[in-house]
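Subject: A structure to look through

Hi,

Here is the structure I promised you. Please open it and keep it in view while you read my notes.

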Protein chains: 2
Amino acid sequence: MSSVPPVNFTLLLHGGSGRLHPAGTPFPQEADYQRTLAAAAQAGFAVLAGGGSSLAAVETSLRLLEDSPLFNAGRGSVFSHAGLNEMDAALMDGATLQAGAVAGVRTVRNPISAARAVLERSAHVLLTGPGADQFAAEMGLETAPPEWFRTEERWQQLLALQAAEGSPAAPAPPAKYGTVGAVALDQAGHLAAGTSTGGMLNKRYGRVGDSPIIGAGTYANHVCAVSGTGHGEFFIRHAVAHDIAALMEYRGLSVAAAAHRVIHEKVAPAGGRGGVIALDARGHMAMPHSTEGLFWAYVSADGQTGTNVCHMIVE
Amino acid sequence: MSSVPPVNFTLLLHGGSGRLHPAGTPFPQEADYQRTLAAAAQAGFAVLAGGGSSLAAVETSLRLLEDSPLFNAGRGSVFSHAGLNEMDAALMDGATLQAGAVAGVRTVRNPISAARAVLERSAHVLLTGPGADQFAAEMGLETAPPEWFRTEERWQQLLALQAAEGSPAAPAPPAKYGTVGAVALDQAGHLAAGTSTGGMLNKRYGRVGDSPIIGAGTYANHVCAVSGTGHGEFFIRHAVAHDIAALMEYRGLSVAAAAHRVIHEKVAPAGGRGGVIALDARGHMAMPHSTEGLFWAYVSADGQTGTNVCHMIVE
C-alpha cells in the first residue's frame, strides 16, 4: 500500500468580480446565480471524482458558465463598440505548461473548448480573430449564430454606455467584471487553470484584455493555478497570474499570501481593481479581491463546498 | 553636488537568433548586418545621451530595424500562410509599468510606434487585427502599402515552405528567428523594453507569438528590461521575460544568472530554442541564447560598445 496521502482534489471557479450586489437590498437573480455557480462547480468536480484531468474539469465547468446568460462569457457576453460579441479564453495545463488561447472569436459556441483545441491540437498557444474561429470550425467544434450570444440586457448596456459617451459626464468605470474562470487540482496532483470572457463593454480597436494572456489572467504550473477577473490592463502590466506563482516558488509564500500581495499590494495601489481565484498543489484555495465582491464556488474531495453570490466587504 | 554616481545609461538591441551564419564560411551580408545593427544602437544611444527616455530610445532603435529589410520586422517581415505580412510589437516602460502592444497589424509602417501610441494614448495594452491598424491611423501614424513590407527573399521562403508541406518530408523547424528587440536604461535610471516581429513564416489562424505578450517576449520594471527572440510558444508558456524579472527580484539573482537560468535551464530543456537580451538598473547586460547565434549590438555611457553578427557557440 502506498503511504502517499490522497490528493484533496478540488474545483474552484469564479463568476466575476465587482459591485455584484449591494448588501441588504433585494437581489432578484440571487437564486439563479447560486444555482448556476454551484452546478458548474459540481460538474467540474464530478470530472475530478471520476479520475478525469484538471484540464477536463476546468473546461467542463467553464462550458456551463459560458452557456449561461448570467455571465460575461460565451452566451451573455458584452457587446463591442461595433455591436458584436468578441470573446477571449485561455486554458493551461500546470503539469506540462501546455497552453491554448483564443482572442476575438465570434462564432465558436464555447471559447474555452476552442482554447483546449489550440492547446491539444495545434503547435501554437494564441490564435486570434477570424483565424481562431476558422481553426475551431476545422477542429469540428460547435458553432453558434450571433443570436445565441446576444442578450437584451447586454445590448441595453451597450446603448446606455454609447449614449453616455456623447454627454459631458464621462462614463463611470465598470462596476462589475463578469469574466468566468476555474482552477482545478486532480487526483494525479496536477493543476490547471482556465478563463473565459466577453471582454470589456464597448471595446474598440480589437482590444484584448488579460484573460487570454498566459501569465496575466491565466496561469498554471506545478506550484499553483490562477484565474483572474478585473481591470484587465492592470492584470497584464503586473503579470498577475505568473507573479503569484513566482512569489510562491521563489519566495516561499503560501497561495493565500502570494495572491493577497499581488491583488492588494501591487495591482490595487496602482489603480487596478479585480480579483483572482488561486489553488495550490495541496488544494489550498485563495480568492482575494479589491472589488466589492467576487462570485465563487468550490467543491473539494475533503467534503468542503461553498458558493458565494453575496456582497462581500473589501478585505 | 550629488554623491549619486552617474547612471551607466545603455542601449542594447538584438536582431534575432538562430543559425545566423555558419562559422568559417563566407557571409556576403555581414557588413550590412553589422552596419545596420550598429547604426540602430547608436541612434537609440544618442536619444539617451541627449537626456531622452529609455522608452524613446527603444522606439528609435527599433524603427530603424523595422525599416531595414534584413530583419523579420516591419519591412522584411515573413509572410503568413495567406501571403500577408501580419506584424506584432510591444513596448513597456519599466518606471511606470505602462505597456502597449499590437498584434496582426498590416498597414502601419512602424509597428513599434503603434505600440507606443497604445501605451501613451489609449486606455488599453493590447490591440489586435484591423482595429489596431485603425487605431494607429487615427493617431496619425504613417501607413505603408503591402509593397513596402514585401521582400522577394521572404516571398520565396513562403513558396519554398508551402511546397515542402505537400511533400512526405515534414518541413524542418525554423533555423532562424529574425525578431528584433531593444532594452534601454536612461539617465534617470529608468528601464524600457520593446520587441517587433513579423512572426512565424507561413503562420495561420491569426497565430500570435510571444513578442506582443507582456511578460513573455517583452517586459520591463524597476529591476530589469527584457526582449526575447525564439520559438514564441515556449516563451509564452514559460512567461520568459517576467520570470527573469521575478528571479532577480524574489531570488536575488543577477541579470546574467536569471536570464541564463530561464533560457538554458527552463526553456531549452522543454524543447524551446531562442535567446533574450536583458539589462538591469545598473546597466549590466546579458544575452544568453540556446540557438547557434544571436545578433546583438550595444552602446553604453561608460564607453563600451559592441556588435555581434557572427556565429556563436551555444553557451
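Start in chain A, at strand β12. There, A:M285 is the bridge partner of A:L279. Keep in mind that this is a predicted model.

β11 (residues 274–280) of chain A and β12(A) pair in the antiparallel sense, over two bridges. Now widen the view. Four strands of chain A form an open sheet, in the order β9-β10-β11-β12, with antiparallel pairing. Which strands are at the edges? They are β9 (218–220) and β12 (285–286) of chain A, and each pairs on one side only.

Two helices lie across this sheet. Helix α8 (residues 240–251) of chain A lies across β9, β10 (224–230) and β11 of chain A. α8 runs at about 145° to β10(A). Helix α9 (residues 255–267) of chain A lies across β11 and β12 of chain A. Its direction is at about 160° to β11(A).

**Strand β1 of chain A**

Next, find β1 (residues 10–18) of chain A. How many of its nine residues are buried? Nine of the nine are, so the strand is largely enclosed by the rest of the structure. "Buried" here means under 20% relative accessible area.

β1(A) has several partners:

- β13 (residues 293–300) of chain A runs antiparallel to β1(A) and is joined to it by seven bridges. In β13(A), A:S300 is the bridge partner of A:T10.
- β6 (residues 180–185) of chain A pairs with β1(A) over five bridges, in the antiparallel sense. A:G181 in β6(A) stands opposite A:H14.
- β5 (residues 176–177) of chain A pairs with β1(A) over two bridges, again antiparallel. In β5(A), A:Y177 is the bridge partner of A:S17.

As you trace these strands, remember one rule. In a regular strand the side chains alternate between the two faces of the sheet.

**Two helices with a buried face**

Stay in chain A for helix α6 (residues 152–165). At 1.5 Å a residue, its 14 residues should span 20 Å. The end C-alpha atoms are 20 Å apart, which agrees. The buried residues of α6(A) are A:R154, A:L158 and A:L161. Seen down the axis of α6(A), they fall within an arc of 70°, so they line one face of the helix.

Now switch to chain B and look at helix α1 (residues 30–49). α1(B) has 20 residues. From its first C-alpha to its last it reaches 28 Å, close to the 28 Å expected at 1.5 Å a residue. Which residues of α1(B) are buried? They are B:Y33, B:L37, B:A40, B:A41, B:G44, B:F45 and B:L48. Down the axis of α1(B), the buried residues fall within an arc of 130°, so they too line one face.

What covers them? The cover includes β1 (10–18), α2 (54–67), β5 (176–177), β6 (180–185), β13 (293–300) and β14 (305–308) of chain B. After α1(B) comes B:G51, with a positive phi near 90°.

**Loop residues worth a click**

Most residues other than glycine have a negative phi. Here are two non-glycine residues with a positive one. A:N202 has a phi near 70°. It lies in the loop between β7 (191–197) and β8 (207–208) of chain A. A:N202 is buried, with a relative accessible area of 8%. B:L97 has a phi near 65°. You will find B:L97 in the loop between β2 (87–93) and β3 of chain B. At 16% relative accessibility, B:L97 counts as buried.

Is B:T107 buried or partly exposed? At 34% relative accessibility, B:T107 counts as partly exposed. Its place is in the loop between β3 (99–105) and α3 (111–121) of chain B. Leaving aside neighbours within four places in sequence, B:T107 is in contact with B:D133, B:E142, B:T143, B:A144 and B:F149. B:E86 is 21 residues from B:T107 along the chain, and their C-alpha atoms are separated by 8.9 Å.

**How the two chains relate**

Last, the pair. Chain A can be laid on chain B by a turn of 180° and a shift of 0.0 Å along the axis, with an RMSD of 0.0 Å. The two copies are thus related as by a two-fold rotation axis. The same surface serves both copies: 100% of the contact residues of chain A recur in chain B.

Best wishes

Notes:
Residues numbered from 1 in each chain as written. Chains lettered and ligands numbered in written order. Predicted model: local features only at pLDDT ≥ 70, side-chain atom pairs only at ≥ 80, totals over all residues. Heavy atoms only, no water. Expected span 1.5 Å × (residues − 1). Buried < 20%, exposed > 50% of the residue type's maximum accessible area, 1.4 Å probe, protein only. Arc of directions from axis to C-beta. Contact = heavy atoms within 4.5 Å. Pairing = 2+ DSSP bridges. Axes fitted to C-alpha atoms, helices over the stretch in contact; angles between N-to-C directions. Least-squares fit on C-alpha atoms with pLDDT ≥ 70 in both.
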